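Here is a friendly walk through a single protein chain, with the sequence and the structure side by side. Please have a look at both before reading on.

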Amino acid sequence: MAARPRPPGAADPAGHGGAHLAGALAARGVRRIYHAAVATPLDDTYEVRPESIARAVSACFALARAERDRYEPALSSICFPLLGAGRGGLAPAVSATWLRWAIRDELARDARWRVHLVVRSREIAEAVGAL
């Protein structure tokens, strides 16, 4: 996925994925950060369409697959937060459901990945686990 230049401060379109260096997280074993844009900025809020979660997950997996063998050992795991469930306003269950569908589709293409979900609280973790 080739990046197109945008004006400084312009938002990534919903469903977009981008790759970044791990920065200080490299000291903790993180080798890449994949940015998953799911929100469309409005005047003073955001709009998150759940289907943008699926597109963003797919874009992140595509980037990770393309970069997998550039590292030793090869990239093998990917971690997602509940996309759109923070400032985007989606209910955690909606985000988790769309994540699950998108991740399931990606693992059907390539089952070598380990996938992790990160949430902010035990309560949300238990709700997501119940799904």
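In this predicted model, helix H1 (residues 50-67) and helix H2 (residues 92-109) have axes that come within 9 Å and cross at roughly 40°. The crossing of H1 past H2 is right-handed.

Which residues make up this meeting? On the H1 side they are Pro50, Glu51, Ile53, Ala54, Val57, Ser58, Phe61 and Arg65, and on the H2 side Val94, Ser95, Trp98, Leu99, Ala102, Ile103 and Glu106. Sorted by class, the contact of H1 with H2 holds 10 nonpolar, 2 polar and 3 charged residues.

In total, the model has 9 salt bridges.

Further along there is a backbone feature to check. Most peptide bonds are trans. The bond from Glu72 to Pro73, however, is cis, with omega near -5°. Pro73 sits in the loop between H1 and strand E5 (77-81).

How confident is the predictor? The chain averages a pLDDT of 83, and 86% of the residues score at least 70.

| Element | Mean pLDDT |
|---|---|
| Strand E1 (residues 17-21), lowest | 71 |
| Helix H2, highest | 93 |

Residues 1-10 call for some care: their pLDDT stays under 50, and the model has 6 contacts for them beyond four places in sequence.

Technical notes:
Residues numbered from 1 in each chain as written. Predicted model: local features only at pLDDT ≥ 70, side-chain atom pairs only at ≥ 80, totals over all residues. Heavy atoms only, no water. Axes fitted to C-alpha atoms, helices over the stretch in contact; angles between N-to-C directions. Helix = DSSP H or I, 4+ residues; strand = E, 2+ residues; numbered from the N terminus. Left-handed = near helix turned anticlockwise from the far one by under 90°. Contact = heavy atoms within 4.5 Å. Nonpolar A, V, L, I, M, F, W, Y, C, P; charged D, E, K, R; others polar. pLDDT = per-residue confidence, 0-100. Salt bridge = Lys/Arg side-chain N within 4 Å of Asp/Glu carboxyl O.
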